[in-house]
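The following exercises are to be worked with the sequence and the 3D structure at hand. Each task is followed by a solution in steps.

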Amino acid sequence: MDALERLIRPKSVAIIGASADAGKLTSRPLAFLQKHGYGHEIFPVNPRYPSISGHPCFPDIRSLPHAPDVAIVLVGSARVPEAVRDLGAIGTGAAIVLAGGFGESGADGMARQQALKSAAGGMRLLGPNTIGLVNLTDGIALSASAALQNSQAVPGSIALVSQSGGILGSLLSRAEAQGIGFSKLIATGNEADIDVSDLVGYLIDDPATQVIALYLEGLRKPMQFRQAAQRAAQAGKPIVAFKVGRSESGAHAASSHTGALAGSDAVYDALFRQLGIIRALQFSDLLDIPLALSSGRRLKGRRIAVVTSTGGAASLVADAAGLAGFETLAPDQMTAERLKALNIPDVVLDRNPIDVTLAGVKSEYFRGVLDSVLESPSYDAVAVILGSSSITEPEIVGAPLRDCFARTDKPIVTFASPHAPQAIRHLNLSGIPTFATPEACATAFSAMWRMRDKSSPQVSAPTVPAAFGADVQSMLRPGPLNEYESKALFAKFGVPITREVCVATSEKAAPAALNFGGNVAIKILSREVLHKSDVGGVAVNIAPGEAGAICMRMAEGFLSATGRKPEGFLVQELVTGGIEMILGFKYDKQLGPSILLGTGGIAAELYKDTAVRLAPLSRRDAEEMIDELKSAPLLRGFRGRPVADVDALVDAMLAFSSMATSIGKNLLEAEINPLFVLPRGNGVKAGDGVVVVAADGDGRG
C-alpha cells in the first residue's frame, strides 16, 4: 500500500520523455500537473532541453536528484524496458507506462510485457498501455488524456477504475458536464502488475472515496478481486461495475448443457451477486448509480412520492419506478389533509404523482409539498420532476430542494424533463442526484434499495472441499464417464442417486428389472454418446417383462445412429412426482469453477431458467440460487402441488459443489440432468449424469 500511496499521492514526479512542444502528447502530463496546481517536485527528463515550463530538465534518469515517488514513462515501446529498469534501480516507487505494443498485441507482445515486469524489479507498474491516473482529491493529474485538456472536473466522492483509458476519458468528460465529482480516476491498461483488485483495496482505505465504479473487460486476479470486494462490503463502500462483453455466448462445453447455459457473462453476473456488487447494465448507469449512492441515502422501503411541475414526465417516472418494483401510492389521509391545507390553487393533491403544474411554479408551493411528503410515513423517497418553467428559473425549485434535502435522510432524486444540462449540473453540484432520463431515477432507487443495509452482509461460509481416497481416484479415468460411472461418483460425495443396475446384455435386463417392484426406465450406456435421448437411448415406464426386447431395439437403433455398439444397459427405478432440475459444473477460464442450477429435463437449454454462483457454494448461495429461478414457485407448492424437498435440494447442491472443488483441475465437466426434487421429506435423486475428466496434461492450464 505504501507503493500505491506513492503512485496516487506522490510528492515528486519524474516525466520520462517530456516535451516542450505543446502540440505533442508528451507535453501534456507536465501541463496537466501545472493546470491542477501540483505543488511538489517535477523532474522532466529529456536530453534535448535544459528546462521545460520553468522546471530544470535532466538528461537521463540517473541524473535525477533523488528517486521520485512516481515516474510517467512517455518514451516509445522499444525504449520502455531500459527506462523502467533504470527507474527501478534508483528506487522509484512506481512507474506509469503509456506505451502500447505489449500484452494487448499477441504472444510476442506478452513476452515483451513479461520482460518489462522483470525489468521493474521491486518497483510497481501501472500499465503498460494506460492513459494514467487523475487524483482530483489532491489536484494531481498523472495522465496524457486529451479529456483533461479543457476539463474543469470537480472533486467528489466517486472513484473510477477503468481497464480502458478511452473510457476513463469518456466518463470524465460526461461527469464534468453533469456536475458529478470524482475522487480518483485510474486506468489500469494491460495490468502487468497493478490491477483492479489492488486499486479497489487502496480505495477502500481512501477517506475521500465513498463509492467505487469499475469498467471491466476481464479479471486477471479473480481471487484477489473477491477478497478486495468482500472488504469493501465490510467497509460499507459500494462497488458498481460495468462489465463489457455481455453479448458473448461463452464457451460451450463438449458434453453438457451447462456450458451453453453458464456462459462467461453469467459467471461474472454470479460473481457480482455473491460479492454484493451492483452491476451497471447500461453504460450510463456507470455514472448514474454511483451518483445516487454518493448521496449517502439508502431506501428503507419501496414507496415513492412523485412531485412534479409537468404532468407527462411524472407518468414516465411513475412507470419506470413501477417496472422496477416500486409503489407510487396515493397519500395517506393525514398527508392528504396536510397537502390540502397548503391551499395551493387549481390543483388536486390527494393523488400520486402530486402535480402542481396548474398552480404555476413557486418556491413556497414546492417547499410545502416536499416537506409534507418527506415527513409522511407513507413515503420512503421522493422523485422531483422539473418542467420547462422551473428550468428557466432554476432557483425557484433549486432553493426549496436544497433546503428540504438538508432536513431529511430520505432519498430525493430529480429528473429534468426538458434538455437542461446546466440545471442538471447545478443540482448535482449541490449534492442532489439529478438525471436526464426517467429510467435513471428508477435505476437510482433500485441501487439505494440494494444498499439499504449499511452493515456488512452476513455471508455463510462455503462448504469445505471433501478429502477423497484411492477409491474415488480410481473412478477418475480420463475422458467422459458413462452415466453409471458418473452417478457413482456423485454418490461418493453425498448426492443421492436413483436405484439402478448395470447389465451387460439385453438378456439380463428383465431379471434386473424385477428387483424394482414396478415399471422401470432403461437406458443405453455409452461413454462416447452422453445425450442418449438424441439417439433413442432412453425408454421410460417399461414393464419388467418388456425390458429385454426394449434393450434389443435400443441397441439396433444405437448401432444404426452411431455405428457403435452400446457398452451395456442401465435398468433404473422409475421416479415419479418429482420436479426436474439441472445441476451443473463449469470451469470459467477467467473466474474459475462455477455451479449452475436450473429447470431441467430435455428442454433445459430452451427454458434457460438458471442461476449461477462461483464455487464453492455456501448454504446461503444455494438458497439464493433457488429463489432466483422463475420455476421456484413450483418448488414452494404452486397452485396446490406438493411442496418440494428444498432442504434436500440445498444439501445436494452443497455436496455437488464439494465434489467439484475437491476434484479440482482434473474435473472438466459435470452435470446432473434431471435431478428429481421429490415432495418434502422424500429427498432428491440424480436421474442422469455426465462427468468428463481431464486427460494427463489436458487440464485447465
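Contact means heavy atoms within 4.5 Å. Helices (H or I, at least four residues) and strands (E, at least two) are DSSP runs, numbered from the N terminus. The model is predicted, so that local features need pLDDT of at least 70 and side-chain atom pairs count only at pLDDT 80 or more, while totals for chains, interfaces and linings use all residues. Residues are numbered from 1 along each chain as its sequence is written, and side-chain values use heavy atoms, with hydrogens and water left out.

**Exercise 1.** Determine which residues of helix H12 are buried and which are exposed.

Solution.
1. Apply the cut-offs: buried is under 20% relative accessible area, exposed over 50%, and partly exposed in between (1.4 Å probe, protein chains only).
2. In H12 (residues 333–340), the residues Thr335, Ala336 and Leu339 are buried.
3. These residues lie on the same side of H12, because their arc around the axis is only 100°, taken from the directions from the helix axis to the C-beta atoms.
4. Gln333, Met334 and Lys340, on the other side of H12, are exposed.
5. The cover over the buried residues includes strand S16 (354–355) and helix H13 (363–374).

**Exercise 2.** State the strand order of the open sheet of seven strands and identify its edges.

Solution.
1. Two strands pair if DSSP finds at least two bridges between them.
2. The order is S9-S8-S11-S10-S12-S13-S14, with mixed pairing.
3. S9 (140–143) and S14 (278–279) are the edges; each has a single partner strand, so one side of each lacks a neighbour in the sheet.
4. Within the sheet, S10 (residues 155–162) pairs with S12 (residues 211–216) in the parallel sense over five bridges, and Ile158 stands opposite Val211 in S12.
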